[in-house]
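Hi everyone, thanks for coming. Could you bring up the structure on the screen, please?

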Amino acid sequence: MLQNLLTDGLVIGSVYALVSVGMTVILGVLGQINFAHGEYYMAGAFAAWWGIDRLGLSYVAAIPLALVIVAAISLAIGYAVMQRLVDVSFDAGIIATLGISLLLQNTATLLFGGTYQIFDGGWLEPVRVLGEDVAQQRVLIFVVTLAVFGGLEWLVRKSRFGKQMRAVAQNVECCHILGVDVRRVVLITFVLGTTLAALSGVLTAPIVMNVYGSMGEAITLKSFAVIVMGGMGNISGTLLAGWLLGIMESLVAGYVGLQFRDAVAFALLVLVLMWRPSGFFTTKARY
Amino acid sequence: MSGIGSIGPHVAKPVAGGCLVVASLVLLPVVATSYQLGTLVVSMVFLLPALGLNLILGYTGMLSLAQMGFFGVGGYTSALLAMHFGTPFWLNFLAACVVPALVAIPLAIPALRLRHTSFVMCTIAFVFILESVSKNWVSVTRGDMGLSSVPRPRLGLWSGGFEVHTVVQYYYLGLLLCMLAVAALVAIVRSPAGRYMIAIREDEILAASVGGRTWHYRLAAFVLSAAFAGAGGSYYVHYITVISPTVFDPSYTNTVLVVVLGGGVGTISGPILGSVVFVALSEALRVAPELRMMIYGLILTVSVFAFPKGLIELLASVAKRAWPLRARRSHAD
Amino acid sequence: MPTEPQTALSLRGVKKSFGPIVAVADVDLDIAAGGICGLIGPNGSGKSTLFDCCTGLVLPTAGRILAGPTDITGWEMARIARQERLFRSFQKAVVFRALSAEENLVLAGQMAAFPGLVSTFSFGPISRRRVRDLRARAGELLERVGLAHMRHAKAGEMSFGQQKLLQFASMLMPEPRIILLDEPFAGINPVLIQRIVDNIRMVNREGGVTFVIVEHNIDVLRELSHRLVVLSRGRILADGDPNDVIRDPRVVEAYLAG
């Protein structure tokens, strides 16, 4: 049973990592936490569901459709709202993205009804991995996550856009002088980050099977836990933190009780927040 | 003079206006229908925690999303006391203010070390922790099923007394509680401590350099706001007569957030206006819950850019433009 | 007047580094009570950091700081302000922008009028009377610095020079013992400079308040201060009578080179 739990944990951890890395790159570049992040995960799942249920597409076709739809939505939101949060105080950013979260969640509920929709798709037949039967979808999630992280590392370290991302993350004023278009970098990073969340949603939907408007809520909060544990803005750290959370959830669900599963993330979040080095809050003399 | 941080000698006009408002509120049941009064009752349920949120966010500058967690604690406390001991309302209400405040202390102490976003995340985590407790402490809270048949408020000194059961009676009870709460908030905000809290909001380092014990005031604001939230929980649970873990749902938090941010942060009248406009009105218009949440979402997002200080500020600036002479005169003195 | 010279502020071997950067290398300094001491030095010599250490804004990496006989190293800002009446102004005029001028002063005065934490929560008649007294005192101080007409104006709407005056006045509210001024004359016109100079002199004479003034405006400092200390790269370079110190060749070189 332990091996099952660990495998499960790695898979669900990959889901968390994939969603959270989106949040962390947005945080790095914009300096704000996207409180609506889980809603893009939800939107990905819903868009894919809509493609399968209403348009009769296959799962394979639904994946890119969902990504395109969510990218379009987040482009609009990024343009209208997120770009403007560049120099804004942190609580204004929280309020603004909280508002977006409400809008997205409830639009989905209004459009598709308040009941759970069943997701019909995905590759659920098991395949033999390391002596264990694992659903193909789960393997896919794990592999895709690794690929995405590899791609992100390359993007941030080697590509020109990655250099711009790092520049914006470090010093916005310098960017204005150097001619880096901060708003454009923020917009593109935002679309990228939210699309990764959507990808996670699309890939996970066959496993969780229920798709509903507020499914992204818990995801947002668990992403906090992951990025705090992994180090805000740290990409590889996010992967490890995601796996850690997934495995811990799995172990708790298996050995302690299923109802405590969601509490793991919050407990970890609080613990990590408490143990961050605080020092003097005035280490930077402000005047 | 806008409301923010305005503690000054210009008190006469607001007091007169306040008396007028109070008088009309007291006479309202003569003209309003039961349904309309019911919407006001609901708005008062949210006004109480909103006043607390205003204290910690509007006056002290800390964005805490834990309010409704304490609302739930207060509600459960009040309900349990009434159900198990048959205690009169004033006692349940008092307990509902004190218990969340006590619970808030051990939560605040580690949380206050955090800054900005981490602090907000921590307060969100608190709500989930409290929700977890209410779901799993089944022997006391009956878990997901919650408590039902919560007794109605019994207004009496110890035994006997009068049981509130009509909407009009709830309305008056709520009016009394809200007036007490507003009075308490005014007392806090206009005290020297309140001045320190505003200073902390404006510039924490400067507040410390003028001798303000910033940590203590932040703790006080957090704990006091929990008491306000608990008060609302008590009023809520005896009106609805049921309580369950759904009270920890984000929709409750979002409602209070809109009441404060949309109404007017850092003012006394802001949340009052906010609760009437955003809660009573949407109840009265029977707006569907999803649509209401979407409107709240829109308000929150737009408010950040268009009216960060809420409706009150918006109205004040409109008034200033409509009556420029009066504005100029008050500037000169 | 004290019969023997007392030390208002002592620094013993104070050192402050931020990672590899050493802002204050090794400073030993005794500031006599009732004196006006000027502190000058090229940019980056550590003057502001020294103030930060004295007021508890940063913790010195090494060394001790004493206010009178009391060791205040590591104390919190608010405690140093409240107990030792050691205040410090900031370079950018720092006031509470949303509050009126009067409110700014009342706030500054609260630490004296309401020493206990619990007392600040009271709203009874005694508390209200104390606040009224604070308001009266605030009015007098505003009068003194020439800001009486801005009494109810929001501090955020004042000009930079007025804000600096307000900042100065607020340090006078709670009976200060030591005032550290960080570039008080920067960015304001000569009339306001003179007003501040007059007030410093008056407060120093009448109240025996010790002043340490960081400034680049050496002319004003030369007239105003009894003693001049020169800081360069985190160390004291020269210390003594203002006129002598200015002519010291090492000081001239430090300014030209650094």
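This is a predicted model: local features need pLDDT of at least 70, side-chain atom pairs count only at pLDDT 80 or more; totals for chains, interfaces and linings use all residues.

Residues are numbered from 1 along each chain as its sequence is written, while chains are lettered from A and ligands numbered from 1 in the order in which they are written.

Let's begin with confidence. The predictor assigns the complex an ipTM of 0.89 and a pTM of 0.89.

Now chain B. You'll find 15 helices and two strands there; helices are DSSP runs of H or I with at least four residues, strands are E runs of at least two, and both are numbered from the N terminus. Its C-alpha trace spans about 60 × 50 × 40 Å along the principal axes. The radius of gyration, taken over C-alpha atoms, is 20 Å, which agrees with the value near 20 Å for a compact globule of 333 residues, the rule being 2.2 Å times the number of residues to the power 0.38. Of those 333 residues, 54% are buried, meaning that 20 or more other C-beta atoms, placed from the backbone, lie within 10 Å of the residue's own.

How do chains B and C meet? The contact (C-beta atoms, placed from the backbone, within 7 Å) takes 25 residues from chain B and 29 residues from chain C. On the chain C side, α3(C) gives the most, with five residues.

Next, the core. The largest nonpolar core has 279 residues, and those with the most contacts inside it include A:Ala48, B:Val41 and C:Ala169. Such a core is a set of buried Ala, Val, Leu, Ile, Met, Phe, Trp, Tyr and Cys residues joined through C-beta atoms within 7 Å. Helix α2 of chain B, residues 34-59, supplies the largest share, 16 residues. Leaving out residues up to four places away in sequence, A:Ala48 touches A:Ala62, A:Ile63, A:Ala66, A:Val202 and A:Ala205.

Last, helix α5 of chain A. Its buried residues include A:Arg138, A:Phe142 and A:Phe149, and among the elements covering the buried residues of α5(A) are α1 and α8 of chain A. Thanks, and over to you!

Note on methods
A residue is buried if 20 or more other C-beta atoms lie within 10 Å of its own, exposed if 12 or fewer, and partly exposed in between; C-beta atoms are placed from the backbone. Two residues are in contact if their C-beta atoms, placed from the backbone, lie within 7 Å.
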